[in-house]
Amino acid sequence: MLTVSLLDAHLSRCRSARHLLQIHAQFLASGLLADAFAASRLLLFTTSDAARRLVPRPLDHSLRLLRLVRSPNAFCCNTVLKAALRQGLPHLCLPLYASMPALPDAYTYPILAAACAARGDAGEGRQLHSHAVRHGFGDDVYLRNALTHMYSACGCVADARRVFDEGPVWDAVSWNTILAAYVRAGDIEQAIRVFARMPERSSAAVSSMVALFGRCGMVDEAKRAFDEAEHRDAFTWTAMISCFERNGHFMEALGVFSDMRGEGWPVDEAVMVSVIAACTRSEVLRNGEVCHGMVFRAGLGSRLNVQNALIHMYSSCLDVAAARRLFDSGESLDHFSWNSMIAGYLKNGRVEDAKALFSVMPDKDNVSWSTMISGCVQNNQSSEALTVFDSMKAHGIRPDEVTLVSVISACTNLSALAQGKSVHEYIREYQYNITIVLGTSLIDMYMKCGCLDAALEVFDTVEVKGTPCWNAVIVGLAMNGLVTKSLDMFSEMEASGTAVPNEITFTGVLSACRHAGLVEEGRQFFKLMQNKYRIVPNIRHYGCMVDLLGRAGYVKEAEDLIQSMPMSPDVPAWGALLGACWKHGDSEVGERVGRKLVELDPHHDGFQTMLSNIYASEGMWQCVKDLRGSMKQHVAKAAGYSVVQPSHSS
């Protein structure tokens with residue numbers, strides 16, 4: 001005769017589906033169907049991981065068994081509900097609840113709340129909440145915590161807060177749950193308020209706040225919460241490391257990791273991925289190699305996320321051979337693995353290796369195509385980029401905005417107007433939204449190909465015209481000789497109120513003034529950028545002003561400006577001033593500038609020739625002789641290279 005004790009003994013030794021069916025048959029024959037406790041023991045086994053390995057659809061088996069039990073209790077029903085949830089079938093939970101042969105208990109509704117959370121169904125969740133209150137479980141703290149989480153998971157943070165506030169008592173789980181709700185929603189202000197009110201801040205709470213502070217760029221606040229934490233676990237350390245890494249504090253991230261190891265905490269997959277990412281972005285290969293050794297010793301080398309992080313790290317740190325060895329040794333590679341390896345080859349200039357790997361990639365996704373196209377453009381193989389783009393379309397892959405921008409850049413580099421128009425037509429045909437980035441790329445392409453009307457047409461279609469769009473138009477018009485129109489567009493930009501001029505804007509405006517010889521306007525713009533927009537001029541701004549003043553004959557003012565530069569003047573700036581001296585016959589300044597240029601670039605024959613001519617115009621024949629002797633020793637002309645000297649006539 002089968003008893004509960006014998007049933008437990010048989011279940012502990014059950015190793016096959018046949019054995020399970022035999023136990024089931026004995027259970028039915030023994031009359032234990034009337035014993036809810038005995039039924040619960042069998043149901044527990046049929047919903048366990050062990051049973052899932054024995055029968056293909058264990059939940060069906062459990063449901064049939066539940067229907068046979070004569071007087072099942074809530075525990076039996078809850079066991080089946082938990083099984084449905086655990087096996088990824090939350091949609092079955094509410095129908096099962098509706099047909100439950102027993103009254104629910106305090107454990108039933110938290111299971112159902114978890115099912116609603118898994119489905120993200122707030123409507124079902126509210127119905128469940130109503131049922132729970134009707135059955136008298138509304139004040140149960142365990143249920144209230146489950147409902148708080150359910151509403152949060154469904155995106156109903158206000159409902160989650162209402163459930164929390166209505167609770168007569170709160171435990172640590174209650175506080176952690178409402179904090180997690182605000183963290184999930186990214187509501188930093190409410191999260192800080194809850195965190196401050198918590199009677200005890202668990203390691204989970206600290207980890208959540210550090211992670212939220214990190215996502216919001218509040219590194220100091222994250223560090224303060226971490227330092228003040230009474231309780232820390234591995235997740236807290238990982239959150240702090242990830243916060244530093246995410247916000248560009250790579251050495252600080254590695255420092256915290258060192259402290260973590262010093263306190264004896266073991267490493268896991270999550271922390272190693274963050275640490276390897278910090279090594280990657282700091283571009284310190286030695287640190288990455290040390291982390292690779294830790295990964296190996298911790299037995300994490302076969303974890304896909306860790307493998308991908310290491311492949312990306314070695315590729316970024318220019319050790320593409322090490323990256324390829326890891327790639328070849330990987331047992332299960334995903335898209336990220338392939339894309340990282342292809343990107344690594346492209347970053348290291350090994351385009352042919354990238355193409356070879358790309359050609360054998362079994363399942364190319366959008367990122368794969370985009371990586372290949374942008375990599376070709378960055379390696380000055382724009383024609384190849386267009387070929388890959390054509391192949392992408394032939395495979396029926398629809399490019400995203402990033403890919404289209406790279407393709408337009410390739411057309412720009414090649415001055416391939418026909419291909420550029422074709423890409424623009426593709427954008428129209430598939431009704432892509434002309435964003436600031438995409439619009440700016442099209443404007444730049446049309447401007448550089450001399451199609452001003454098409455560029456302005458694109459500009460008009462961009463709904464939100466950011467600073468990059470205005471810059472592309474201002475610079476493009478100036479580059480095409482429409483200086484007045486370029487400066488008018490700058491005035492429109494200021495009046496629009498939708499964009500603020502930046503360094504690039506003023507480079508375009510000053511270049512326009514330089515080409516048109518608008519000295520007074522150039523001076524005004526140079527002051528405007530500093531006084532109104534608080535932009536510190538860079539070397540290109542100074543170069544434009546030096547050239548503008550020098551061409552107009554204000555040689556001394558140009559020299560004073562170049563001497564006042566907060567950075568060391570570059571060769572083009574000195575060269576522009578020397579050209580102005582030669583053009584306007586200012587031998588005194590020209591001699592000083594010429595000597596400076598010969599020191600900076602002794603192999604530039606154009607500068608030495610101009611200085612020689614300045615000496616000759618002053619009758620300084622010995623200096624001419626000495627300089628030309630030096631030129632014979634130092635100057636080695638490159639094939640196809642020449643310097644065009646400005647003529648005396650303007």
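These are my notebook entries on a predicted model of one protein chain.

**Ground rules.** I number residues from 1 along each chain as its sequence is written. I need pLDDT of at least 70 for local features and 80 or more for side-chain atom pairs, while totals for chains, interfaces and linings use all residues, and side-chain values use heavy atoms, without hydrogens and water.

**Overall fold.** I looked up secondary structure and found 39 helices and zero strands. Both are DSSP runs, numbered from the N terminus: helices are H or I of at least four residues, strands E of at least two. Of the 650 residues, 48% are buried (under 20% relative accessible area, 1.4 Å probe, protein chains only).

Residues 334-364 are 74% helix, and their end C-alpha atoms lie 10 Å apart. Residues 466-500 are 77% helix, with an end-to-end C-alpha distance of 8 Å.

**Core.** I turned to the largest nonpolar core, which has 188 residues. Its members are buried Ala, Val, Leu, Ile, Met, Phe, Trp, Tyr and Cys residues joined through side-chain atoms within 4.5 Å. I427 is among those touching the most other members. Beyond four places in sequence, I427 contacts L404, I408, Y432, I434, L438 and L442 (heavy atoms within 4.5 Å).

**S441.** I found S441 in helix 28, residues 436-448. S441 is buried because its relative accessible area is 13%. Its side chain reaches the backbone oxygen of V437 at 3.1 Å. Beyond four places in sequence, S441 touches V405 and I408.

Note on methods. Buried < 20%, exposed > 50% of the residue type's maximum accessible area, 1.4 Å probe, protein only. Polar contact = N/O pair within 3.5 Å; in protein donor to acceptor, adjacent residues only side chain to side chain.
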